[in-house]
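Student: I would like to learn how to read a sheet and a cavity in a structure. Please show me the case first.

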Amino acid sequence: MTAMVSISLSRSEPANARADVLVVGIPGTSSNDLFTAQLDAMGFKGEADQIVTFPAGDLARARAVVAVALPKEPTHEQLRRLAGSGVRAAITAKASTIALAFEPADAEEIQAVAEGALLGAYAFTTYKTKPNGAAKSVTLLTSLARQAAA
């Protein structure tokens, strides 16, 4: 039987998040100031469905960063799908703990990102003799953490 990944909320800044892999949503064609040099080196243009993975180095506590291009004004379905894609990329990078920084604007967006993370982390392993890696926990990084938990 497949174990369910745990989802939690945190107000931590992405660079300080304790996780194996940090998944960062980059809106539109803008670049994240913290990772601008790495994103430019990886050829990240912010195009639809673009995802890049690179070592975090000294820029974050995580060992790797997954950058996911987000539309300027994403729908809940787009957030759900892109969060799932980011989590799958993090699992491919051998992450068991994942921090997800998509900067949701409200509780509905937090819910969409959480649903996407759960869907992205799901793996049916009942009949596998040697299951692939799996995420144990996903932490959603948001300034709305206290409001959403209430």
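Student: In what order do the strands of the open sheet lie?

Tutor: Two strands count as paired if DSSP finds at least two bridges between them. In this predicted model, six strands form an open sheet in the order β1-β6-β5-β2-β4-β3, and the pairing is mixed. The edge strands, β1 (6–10) and β3 (51–55), each pair on one side only. On average, neighbouring strands of this sheet are turned by 20° against each other, with direction ignored.

Student: In which sense do β2 and β4 pair?

Tutor: Strand β2 (residues 21–27) runs parallel to strand β4 (residues 64–70), and the two are joined over seven bridges. To find the place on the model, look for I26, which stands opposite A69 in β4.

Student: Which strands does helix α2 touch?

Tutor: Helix α2 (residues 76–92) packs on the sheet and touches β2, β3, β4 and β5 (97–101). The direction of α2 makes about 160° with that of β4.

Student: Now the cavity. How many cavities of 30 Å³ or more does the structure hold?

Tutor: A cavity is a space where a 1.4 Å probe fits but cannot get out. The structure holds one of 30 Å³ or more, and the volume of the largest cavity is about 30 Å³.

Student: Which residues line the largest cavity?

Tutor: The lining is made by L100, F102, P104, I110, V113, L140 and L141. At least two residues of this lining come from each of α3 (107–121) and β6 (137–141).

Definitions and conventions
Residues numbered from 1 in each chain as written. Predicted model: local features only at pLDDT ≥ 70, side-chain atom pairs only at ≥ 80, totals over all residues. Heavy atoms only, no water. 1 Å grid on protein atoms, 1.4 Å probe; cavity = no way out; pocket = protein on both sides within 12 Å on 5 of 7 lines; lining within 4 Å. Points joined across faces, edges and corners; volume = space filled by probe spheres on them. Helix = DSSP H or I, 4+ residues; strand = E, 2+ residues; numbered from the N terminus. Axes fitted to C-alpha atoms, helices over the stretch in contact; angles between N-to-C directions. Contact = heavy atoms within 4.5 Å.
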